[in-house]
There are 6 protein chains.
Amino acid sequence: MTTLRIDAIVQGLHAARNEWRASQSRPREPESREFPSPDAVGEAIDALRKALFPMRLGPPDLRQENEDYYVGHTLDAALHTLLCQARLELRYGGVPAVEVHERATELIRSFAEGLPDIRRLLDSDVLAAYEGDPAARSVDEVLLCYPGVLAMIHHRLAHSLYRLGLPLLGRIAAEQAHSRTGIDIHPGARIGGHFFIDHGTGVVIGETAVIGERVRIYQAVTLGARRFPKNADGTLAKGLKRHPTVEDDVVIYAGATVLGDVTLGQGASIGGNVWLTHDVPAGGSVTQASSVS
Amino acid sequence: MTTLRIDAIVQGLHAARNEWRASQSRPREPESREFPSPDAVGEAIDALRKALFPMRLGPPDLRQENEDYYVGHTLDAALHTLLCQARLELRYGGVPAVEVHERATELIRSFAEGLPDIRRLLDSDVLAAYEGDPAARSVDEVLLCYPGVLAMIHHRLAHSLYRLGLPLLGRIAAEQAHSRTGIDIHPGARIGGHFFIDHGTGVVIGETAVIGERVRIYQAVTLGARRFPKNADGTLAKGLKRHPTVEDDVVIYAGATVLGDVTLGQGASIGGNVWLTHDVPAGGSVTQASSVS
Amino acid sequence: MTTLRIDAIVQGLHAARNEWRASQSRPREPESREFPSPDAVGEAIDALRKALFPMRLGPPDLRQENEDYYVGHTLDAALHTLLCQARLELRYGGVPAVEVHERATELIRSFAEGLPDIRRLLDSDVLAAYEGDPAARSVDEVLLCYPGVLAMIHHRLAHSLYRLGLPLLGRIAAEQAHSRTGIDIHPGARIGGHFFIDHGTGVVIGETAVIGERVRIYQAVTLGARRFPKNADGTLAKGLKRHPTVEDDVVIYAGATVLGDVTLGQGASIGGNVWLTHDVPAGGSVTQASSVS
Amino acid sequence: MTTLRIDAIVQGLHAARNEWRASQSRPREPESREFPSPDAVGEAIDALRKALFPMRLGPPDLRQENEDYYVGHTLDAALHTLLCQARLELRYGGVPAVEVHERATELIRSFAEGLPDIRRLLDSDVLAAYEGDPAARSVDEVLLCYPGVLAMIHHRLAHSLYRLGLPLLGRIAAEQAHSRTGIDIHPGARIGGHFFIDHGTGVVIGETAVIGERVRIYQAVTLGARRFPKNADGTLAKGLKRHPTVEDDVVIYAGATVLGDVTLGQGASIGGNVWLTHDVPAGGSVTQASSVS
Amino acid sequence: MTTLRIDAIVQGLHAARNEWRASQSRPREPESREFPSPDAVGEAIDALRKALFPMRLGPPDLRQENEDYYVGHTLDAALHTLLCQARLELRYGGVPAVEVHERATELIRSFAEGLPDIRRLLDSDVLAAYEGDPAARSVDEVLLCYPGVLAMIHHRLAHSLYRLGLPLLGRIAAEQAHSRTGIDIHPGARIGGHFFIDHGTGVVIGETAVIGERVRIYQAVTLGARRFPKNADGTLAKGLKRHPTVEDDVVIYAGATVLGDVTLGQGASIGGNVWLTHDVPAGGSVTQASSVS
Amino acid sequence: MTTLRIDAIVQGLHAARNEWRASQSRPREPESREFPSPDAVGEAIDALRKALFPMRLGPPDLRQENEDYYVGHTLDAALHTLLCQARLELRYGGVPAVEVHERATELIRSFAEGLPDIRRLLDSDVLAAYEGDPAARSVDEVLLCYPGVLAMIHHRLAHSLYRLGLPLLGRIAAEQAHSRTGIDIHPGARIGGHFFIDHGTGVVIGETAVIGERVRIYQAVTLGARRFPKNADGTLAKGLKRHPTVEDDVVIYAGATVLGDVTLGQGASIGGNVWLTHDVPAGGSVTQASSVS
């Protein structure tokens, strides 16, 4: 099929790549892959999800008496995959080659040590969903079916990676959940126990959001940034606290938008579709001013 | 890699699981899997989708003269998978072991007998999409590409399972569509023919919603519950009608939120982004009171 | 398991298919598949994505010195798959059998020739995302993780197919991105360079929308149609310009809805949740009239 | 890894291929694949094996009441794969392009019509193995486990293809069995019913061998050619009868070698390791002249 | 492609199956699969091979510190697969349904308990190969590459199944090795430690053969039966000792054939291609009487 | 299923492994895999086979105009896989860690440079088969179907690895062919061009065999060692020339056994089943002394 002229297109794409690399001052011939692989991270997170809940999310023929073997073998493989990816991220982030292995090992060890506590937090999320949704028939239905729970499994793992200094791995894990659930939680967000997201599609929670215990939110809720302060040179200032703080026992109904570094006090209730850019006191309740006529 | 100390993490996770099981009064050593498998149910639903529309969603090299062989073999495998999963759900729901097989067989037989009518309903949904979207070029494009149609294939199967007493299987089938389309329809919702969801991301339709014939809704529409009545003991009351009733020929535009057991009368039109918690009479039209200036 | 009576269901489904085919005046025994296969198109688009960005989205063990081999082989396979599917679409669209092959080859050749420019446009989108999001750490994180970038890779390929006269292939490519990202861009939409969609879930961009350079939009933004003019016979008029025109440097914040063939002038800023059905002048700024109290 | 110099090797291999093509007077740019694909033929034969014995060699969860659906769907796919491959073989063999499709269809239709009789012959082979081996516990063990039976399933299909004028497809099917069993039967060999090969490794049966009913042979038996007559120009004469004829009820023990167009008369018995190049009368018995001392 | 007339072939095959079932007095509608599945048994044996030698035959990224997790999880899955298949064999063999589960569990438990001793025997075989072949560079090369070792792993597992009363499972495991190596050892054969088969293609060892310690055999050696005694009714007498006994330290060179219930005394040496049907005393040496001139 | 007592078996196998490791003086905790992986080597060899013959053994939809892209990409991946495995072999063989990478790169570079010549030799083997077998219809049938050709592709690659100092990789490649064809050629054997093995099952060619041009051999031919000289300490002497030298144009018929460091002179003919342990002069002919009566 000479008519497709593959050669010309290969050359055209080659030129386009070279333009990009020149514009980004990329080295000419890197030894090999420079970035973590989303596929590899994704597989490791999927495996960890099964290791955290072996009898419900693991292989269908698992038997409880032998679940530790399954957990141990699955952890071994998943953690070593993460270790490789962590090395790539550290290297990419400028850590000297000779230090990369040791630093990555330390980080993944800390990550691994946190897994039992992550499981406990996730159990509290499952309970919160069961108690908060009249359509939920059992805690097991919640774990097997609720997208909000899937998103939180990813988030609690992603946040742990983020806090340890592996934000790119965390981001990859988070986007995987975003794709499957429509729930977009930045791995930087700090979220307390017993957290429940119902339905979930369209939820956005920003990098510097802080959420307390027993908070409940519904689909399409945004905890976002209001504006992006710029540096003197006109570039965006990165790293500032620019998202809301949500205290314990707050409820935020569907479609509400809360922007900026505001605080929703303990037990506050934010109505559906509300657009909010200021603090709400503890116990306060906000609803749309102009209801529909 | 001794430094990852897998042993300690395996023990930590073991302890966390035991805490959970104790808190949930779980039996120590169940024989094996106690719950239906989302993967198994998902595969069966995927197969049924192909058996319902063999020439368009089935294997690319299928020939019409032999499609019954394909349909028969695919049904045989899919229905027996569902039968196994139905047994697990019944057992999980407390049906005595000796009755499980017969009850499950009865249910899946009824489910199977309903498939031709489900196909007819879905054909009417495809027509509704074709007629309702100026961008649609053909009924086949609609079936191959529209997420709203994919969501309805899952819903009509999931609803059939739900009505027969297999709500967990139905829920799994529904969440599969939710993940792929961003459309979240509870399997309990009752939806008439010629139903069309355009774009669809963010749509939520609750468990006790009832929708008539020829209804059309757009992305991010919520047919939700307003509040959750509680029982005397403070737990949520489950099973009450708490979602809207939408009569024939209603149109609900993007982003509208309709909450509670209200009724939208025949032919009503609900504008975009409207927030609605009361009845609308037949032929009525609701738009946002305060338009943007 | 005689009790499932597969035979009766096979016959019931056979009858339902015949009713549909009769109602649609379908030929009795088409030779074989009449439509493009979403799976085949999806695989080709996935391959093109890797060929466009070989070192970052291609196989993990690729080496830069040999990437042209990878690119050439991947293009060869992907373009020939598209060629087959293009033939099916042309045939389905009524092109005479004897002309199909030549026409399809011409179209796919043109499509292929456009790939280097598509790569350049996508590089500009990656830069726009990096510059527009304070949470972005590097251009590579953006390419690997941002759903908005994934959606634009699909869109720029899908739009090229659409413009060349292969709208069904374009639609399939677009829906694939919609399913993974919750971002629903019709392949007909014309979008300039340096385009950035943040978060993205719930974004809808209609078929006749036109978007300039350096535009930025956030999650749940709709650029939709206001109403659907009908023909004299009551059917929908297809093909009219019915979606917004967005000029250079416009920003549209989360949840805003812009409907109809209106124009947002250069540099305009549209606030979150705004509902807009009229023009906005260059430099103009629109926010919700009634803020929350 | 610049040091591997892939470019030079690609060029070197390119040159080597051009030398070969020049030496073989091959066309410069054939449209695409010129030969049948062993993988495709192999899959079709594997599928036919399952369609011939659905409950024993088909999918483990097949139910007898629905086996016709399985058989029909499997045949449909396998026969159409063979049809494609038959076209390639006919084309390769010089059949004019315009006739290829019709001729191939005719041949595969005839092949298909012969399948029930092939099944009956194979049933007779299974019985022969059961009756002839004291270690056989049941006819089903024979079908599931005996390499001689696997080889005969392939042979009877391959021979049917060979006789119809598709010798290359037959050869591919035969080599597949040879690889799995060590039994090398040329697809041209004519073999009667109730044929039993025990153990089988090393058996070779040549193209023009003819074998009667109820023959039994053991491992490492060769029914080969003695010498290859040459044509006047020194090339080998092809197509002559050059292998043995074995009449009904003959037994040939392990390691015996029978060469040339000789006849083993009805009921003859050929001892282990015998080297034989002349006829044996009906009922005759041949053993090694010089026994071991 | 109406011309292939699939319907007629489906019916023809249906008729052929019914003839067979009638001739075999098979029940009309068995509930489901009646026989063990070669695929399932094959996968279990492959898994056991890896569990026996985890660092060399298991997954490439296994680490020694965690190999017990791998071993435990792999055993758990493989043994339960075998348990299912054992139930099918027992049921097929006439064990009453109510006893099947308990009997199968007992047998597989015994099988499992024997695995450590099987590993020790296989270690001795590996040593024997290393010491017996001048081309062997290391014990690890032997384990990774030698077909004789692969055949013995299968045989020692298959023989254990055979002795416990699961001869069909044993046979399936044995044929799997036969297909891969050309070495055909009946699972009934009793073989001592330090056994070495070099090259191996064409080796046949019969059901009632008994082989001592430190025996060495080469390719194409047969330890077979001489004749098959028949019962009064003309059927073959099954179960008699009809194959050789080979005492410790015997060597049998390539192509030798030893038939019948004869004894090769300790330390005997049997030359290549020898045909032997009588005892050989301890220390005896047999070579071909008539050497080649 | 407590009754299988997995724990005890895991411990038993652990103990057995420790015994082995102690007996072999293995290090307690190696970092990871110590040996090349047969699966990895096998995949690389399979890929090289396709890269050597892209239009016939490569992907079915390859087009000649783009075959260099396929060849380049396939070589790149396969050679780097071999490079990794070569490092493991060198390390295993005692090469100091700091030298391993450079040495492996050098070896694989040399291996790669030899591929075009290997292709030319294999073309000569294909011609030899076509010219030597009256049943061969075309050179392409020979390449697609003949096990002898498959064995030679593996051998010529394996021998190249062997000569470069990677005998374990060579052995793995050779055993892969042995398993598929029953032809067992040690990677050390030196074999000239235009070599043809017909049928092939049971052929054994030893490590120090040397074979000239245009040699033809048939099934079950052994070119083996006669006896194994021992060192003073009783262990086998490794590395001596102990297999035959076969000069140009020799033919060896089926089942012949040639043992020891003997020479078959140019043009000699060795009859079927002959057992030969001495030289044969050029042009000589050997047949079995005692024919069958």
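Helix 1 of chain E runs over residues 6–23 and has 18 residues, so at 1.5 Å a residue it should span 26 Å; its end C-alpha atoms are 26 Å apart, which agrees. The expected span here is 1.5 Å times one less than the number of residues in the helix. Helices are DSSP runs of H or I with at least four residues, strands are runs of E with at least two, and both are numbered from the N terminus. This is a predicted model, where local features need pLDDT of at least 70, side-chain atom pairs count only at pLDDT 80 or more, and totals for chains, interfaces and linings use all residues. As for bookkeeping, residues are numbered from 1 along each chain as its sequence is written, chains are lettered from A and ligands numbered from 1 in the order in which they are written, and side-chain values use heavy atoms, with hydrogens and water left out.

Back to that helix in chain E: its buried residues are I6(E), I9(E), V10(E), G12(E), L13(E), A16(E), R17(E), W20(E) and R21(E). Buried means under 20% relative accessible area, exposed means over 50%, and partly exposed is in between (1.4 Å probe, protein chains only). After the helix comes S25(E), with a positive phi near 50°.

Most residues other than glycine have a negative phi.

Now for the interface of chain C and chain B. Here 60 residues of chain C are in contact with 64 residues of chain B, contact being heavy atoms within 4.5 Å. The area buried between the two chains is about 5200 Å², and carbon and sulfur atoms give 58% of it. Buried area is the accessible area (1.4 Å probe) that two parts lose on being put together, summed over both.

What about charge pairing? The rule finds seven salt bridges across this interface, a salt bridge being a side-chain nitrogen of Lys or Arg within 4 Å of a carboxyl oxygen of Asp or Glu. The side chains of R171(C) and E141(B) form a salt bridge at 3.9 Å, N to O. On the chain C side, the elements that give two or more residues are helix 1 (6–23), helix 9 (167–181) and strand 13 (275–276). Helix 1 of chain C supplies the largest share, 12 residues.

Over in chain B, E67(B) lies in helix 4 (residues 67–92). Why does E67(B) count as buried? Because its relative accessibility is 2%. Leaving aside neighbours within four places in sequence, E67(B) is in contact with P54(B), M55(B) and L62(B), and also with R17(C) and R21(C).

Finally, V258(C) sits in strand 10 (residues 257–259) of chain C. With a relative accessible area of 0%, V258(C) is buried. Not counting residues up to four places away in sequence, V258(C) touches T222(C), L223(C), G224(C), P244(C), L264(C) and L276(C). How far is V258(C) from E213(C)? They are 45 residues apart in sequence and 18 Å apart in space, C-alpha to C-alpha.
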